[in-house]
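Here are some notes for a colleague who has not looked at this structure before. Please read them with the model open.

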Amino acid sequence: MWQQHLAGREIGLYQGRGGFDPARPSLLLIHGAGGRGESFLPQLNGLKDINVAALDLPGHHATPGPGLQRVEDYAQWVGEFLAAGPLRPVVLGHSLGGAIAQELALAHPELLRGVILMSTGPRLPVNPALLAGIKENFQPTVQMIVSWAYSRGVDKLLLRQGVEQMAQTGPQVLHDDFAACDVFDATGRLEKLALPALIVVGSEDKMTPPALSRAMAQAIPEAELRIIEGGGHMVQLENFREVNQAIAEFMGRF
């Protein structure tokens with residue numbers, strides 16, 4: 001069923017192990033800056049009662065480039081993907097993906113049934129030194145970004161995989177992803193987001209601290225906030241059991 005949304009386009013699309021069942025609710029996952037759909041493997045493999053799929057955004061991994069430069073453009077691209085097929089899923093966005101999900105829900109609520117906003121915020125300011133570092137000192141900057149994204153004591157394999165995958169995105173796309181985050185601002189608009197929303201954040205998230213999630217929860221009329229104790233920015237990987245439980249409970253409403 002997800003393939004109907006591809007409409008002949010070359011798009012990296014990953015489906016859950018459970019196949020597709022029209023009786024189940026559907027969930028589309030959107031990754032963060034410099035990421036890929038495979039950053040949701042614990043959800044693709046673990047959400048058994050949901051039709052779950054994850055996209056590679058343009059310029060990321062299996063989806064040809066170029067990458068895009070504005071959150072609004074990414075939201076339009078995801079909207080075109082949804083409009084090309086019959087499914088109206090819940091959309092989960094992580095970090096930059098969460099900004100994309102907010103824009104999509106505000107601009108085209110008819111294309112989805114709800115949103116899950118994970119490790120994100122109504123604004124996502126980026127330090128100018130980080131943007132400069134991506135262009136001028138790429139590999140060390142990637143290593144620094146990934147180190148920020150995880151909590152202390154994380155499995156070193158996750159760190160190595162994170163660095164490898166982000167580096168494969170390349171400096172231009174990664175820079176433009178973070179630059180898109182930097183100018184994103186949904187403040188003052190989220191009270192118009194009229195869909196059910198689950199907001200998920202790790203208590204130890206250094207990149208998008210819980211205060212940002214609390215601000216979204218206060219602004220969105222039909223929002224539920226779940227703070228995952230001990231989780232970092234990549235909470236969907238480090239704390240996947242708690243995250244999957246929160247997702248499953250929310251998806252049970254649809």
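1. Leu-92 stands opposite Ile-116 in strand E5. Strand E4 (90–94) and E5 pair in the parallel sense, over 5 bridges. The model is a predicted one, and the points below should be read with that in mind.

2. How much of E5 is covered? Of its 5 residues, 5 are buried, so the strand counts as mostly covered, buried meaning under 20% relative accessible area. Gly-114, Ile-116 and Met-118 point one way from E5, while Val-115 and Leu-117 point the other way, and all are buried. In a regular strand, side chains alternate between the two faces of the sheet.

3. Strand E2 (residues 26–30) is also mostly covered, with 5 of its 5 residues buried. On one side are Ser-26, Leu-28 and Ile-30, and on the other Leu-27 and Leu-29; all are buried, and both faces of E2 are covered.

4. Which strand do the bridges join to E2? E2 is joined to strand E3 (residues 51–55) by 5 bridges, and the two run parallel. Within E3, Val-52 is the bridge partner of Leu-27, and Ala-53 is the bridge partner of Leu-28.

5. These strands belong to an open sheet of 7 strands, with the order E1-E3-E2-E4-E5-E6-E7 and mixed pairing. At the edges stand strand E1 (13–15) and strand E7 (223–228); each has a single partner strand, so one side of each is left without a neighbour in the sheet. From one strand to the next, the twist averages 20°. Strands of a sheet pair through backbone hydrogen bonds, either parallel or antiparallel.

6. How do helix H4 and helix H7 cross? The axes of H4 (residues 128–136) and H7 (residues 171–183) come within 9 Å and cross at roughly 170°. Angles over 145 degrees count as roughly antiparallel, so H4 is roughly antiparallel to H7.

7. On the H4 side of this contact are Leu-130, Leu-131, Ile-134 and Lys-135. They meet Pro-171, Leu-174, His-175, Phe-178 and Ala-179 in H7. By class, the contact of H4 with H7 has 7 nonpolar, 1 polar and 1 charged residues.

8. Asp-182 is also found in helix H7. Is Asp-182 buried or partly exposed? Its relative accessibility is 28%, so Asp-182 counts as partly exposed. Leaving aside residues up to four places away in sequence, Asp-182 touches Leu-124, Pro-125 and Val-126. Asp-182 and Val-71 are 111 residues apart in sequence, yet 9.8 Å apart in space, C-alpha to C-alpha.

9. How many aromatic pairs does a search of the whole structure find? The search finds 1. This pair is formed by Phe-250 and Phe-254, with 5.3 Å centre to centre and 70° between the planes, which is edge-to-face.

Key
Residues are numbered from 1 along each chain as its sequence is written. This is a predicted model: local features need pLDDT of at least 70, side-chain atom pairs count only at pLDDT 80 or more; totals for chains, interfaces and linings use all residues. Side-chain values use heavy atoms; hydrogens and water are left out. Rings of Phe, Tyr and Trp (its six-membered ring) pair if their centres lie within 6.5 Å; planes under 30 degrees apart count as stacked, over 60 as edge-to-face and the rest as tilted. Axes are lines fitted to C-alpha atoms, for helices over the stretch in contact, and angles run from 0 to 180 degrees between N-to-C directions. Helices (H or I, at least four residues) and strands (E, at least two) are DSSP runs, numbered from the N terminus. Angles under 35 degrees count as roughly parallel, over 145 as roughly antiparallel, 65 to 115 as roughly perpendicular and the rest as oblique. Contact means heavy atoms within 4.5 Å. Ala, Val, Leu, Ile, Met, Phe, Trp, Tyr, Cys and Pro count as nonpolar, Asp, Glu, Lys and Arg as charged, and the others, Gly among them, as polar. Buried means under 20% relative accessible area, exposed over 50%, partly exposed in between (1.4 Å probe, protein chains only). Two strands pair if DSSP finds at least two bridges between them.
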